[in-house]
Amino acid sequence: MSILNPRVAIVGAGPAGIYAADILLGLAPTASIDLFEKLPAPYGLVRYGVAPDHPRIRKITDALHDVISDPRIRLRCNVDIGTDITIDELRAAYDGVIVATGADLDVRLDIPGIDLPGSFGAADFVAWYDGHPDAPRSWPLTAESVAVIGAGNVALDVTRILAVHAPALDHTDTPDHVLAQLGASPLRDVHLFARRGPADVRFSALELRELAAQHDVDVIVDPQDVVLDAHAERMITQFSQRRIIVRTLIEWAERGNVGTASRRIHLHLRQRPVRLLGDAGVTGIEMERTASDELGRMVGTGELLRYDVGAVYRAVGYRSTPVPGMPFDADAGVVPHLEGRVTDDSGTPIPRLYATGWIKRGPVGLIGSTKSDAAQTVTHLVDDLGTAEANTREETAIAHVAGAVDFDGWLRIDAAERAAGAERGRERTKLVERAEMLAHAAHEQAAEASG
């Protein structure tokens, strides 16, 4: 027996959840979807995880908007799973539940001094400059010299935003309080550390080049850091992207007359963090030089270096927050599953419960990976719907959910942001306060009720 008009709940209105909804409607056109999101606005990491000077990536929201405007999808923002409604209540009310809540926590860097004041996780800093409703409204940008640890694009984003001159962001949707604090920053030097060599960093070539595209910011690379060993030579022979990255780094190392800008980015390769220095707060960082062994693995050399910095930003990876009521593998930072079917402690799939995105596979891959991942999960859900007995849905299981921001409510938030942006000659200015967002979302409803 199959379920002819399935109702499905998707938890998480970021790219993973919205792509899952789009794929599901393609495979099961008679389905209806409730798309739950804990924040008052949709789009997840695209809205709250992409640097504001990357509008080309933010344009992904146009495609996401087209999906959630489908009348078969009901947007339900400002609903927190575990507080406003439980996973078991969702399973009782729907024929399938897909969890796509992503990864929003920093991976811990377990070295001495990591908990000193002045040691920050990249996820928290990104949430601040992207105007996340739950992020603090102020950030201690007081250090003249800071360190960023990481060899991926998040580390580049953090480095670039720390070094940027605030007027360069005037055309973006950056909230005013962020612009003001960036504008008052006394920063002079950013030290970006990667434990890998030039052919093994995880930066994308395009984002790496953006470091040197900033006004009044110099990028400084020590020529010794880009000397190629046998492993690096093999990598650049085999992989074109790595070849481009190495070429860029060598070009920077060979440039003369650098270091004269008011802000400088020092890119250090083959160094790993050993400890943070300081008593009442971060005053420095100790690093160890690394080298590649014959298999390309990074090993310590015993040579230690110290740098005077007043803050350290850790960009060494993200991990997911457990979802109340769902199994969670704390070691791997994901939900246990079989190709998207969430499993219990015995490895048996839990009926009507699925996962996709970073909470399923970990924080790896870009938009293409997210789409293929969602396709795998949704295909299994549709297969299960085709053989399942009709589920006696308990409509009252979600009747108590109140305060949800629907699609029209989101459009009112969107309109308010665009109006605020128009006053500044920009596309939008992002609303930050949750209460303000909810007030805009409910404004028309309140007006109709009073009328």
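Which helix gives the most to the lining of the second largest pocket? Helix H14 does, with five residues. This is a predicted model, in which local features need pLDDT of at least 70, side-chain atom pairs count only at pLDDT 80 or more, and totals for chains, interfaces and linings use all residues. Residues are numbered from 1 along each chain as its sequence is written, and side-chain values use heavy atoms, with hydrogens and water left out.

**Second largest pocket**

- The second largest pocket holds about 480 Å³ of space. On a 1 Å grid over the protein atoms alone, a pocket is an open set of points with protein on both sides within 12 Å along at least five of seven lines, and lining residues have an atom within 4 Å of a point.
- A volume is the space filled by probe spheres set on the points, which are joined across faces, edges and corners.
- The lining of this pocket has 22 residues, and Arg-58, Thr-61, Asp-173, Glu-427 and Arg-428 are the closest to the pocket centre.
- At least two lining residues come from each of H2 (44–48), H3 (55–58), H4 (60–68) and H14 (407–422). Helices here are DSSP runs (H or I, at least four residues), numbered from the N terminus.
- By class, the lining has 12 charged, six nonpolar and four polar residues. Ala, Val, Leu, Ile, Met, Phe, Trp, Tyr, Cys and Pro count as nonpolar, Asp, Glu, Lys and Arg as charged, and the others, Gly among them, as polar.

**Largest cavity**

- The count comes to one cavity of 30 Å³ or more, a cavity being a set of grid points where a 1.4 Å probe fits but cannot get out.
- About 50 Å³ of space lies in the largest cavity.
- Its lining includes Pro-140, Leu-162 and Tyr-313, and divides into eight nonpolar, two polar and no charged residues.

**Helix packing**

- H6 (residues 122–129) and H7 (residues 153–163) pack at about 50°, with axes 11 Å apart. H6 is therefore oblique to H7. Axes are lines fitted to C-alpha atoms, for helices over the stretch in contact, and angles run from 0 to 180 degrees between N-to-C directions; those under 35 degrees count as roughly parallel, over 145 as roughly antiparallel, 65 to 115 as roughly perpendicular and the rest as oblique.
- In H6, Ala-122, Phe-125, Val-126 and Tyr-129 meet Val-154, Asp-157, Val-158, Ile-161 and Leu-162 of H7, where contact means heavy atoms within 4.5 Å.
- H1 (residues 15–27) packs with H4 at about 45°, their axes 10 Å apart.
- Pro-15, Ile-18, Tyr-19 and Asp-22 of H1 make this contact with Ile-60, Leu-64, Val-67 and Ile-68 of H4.
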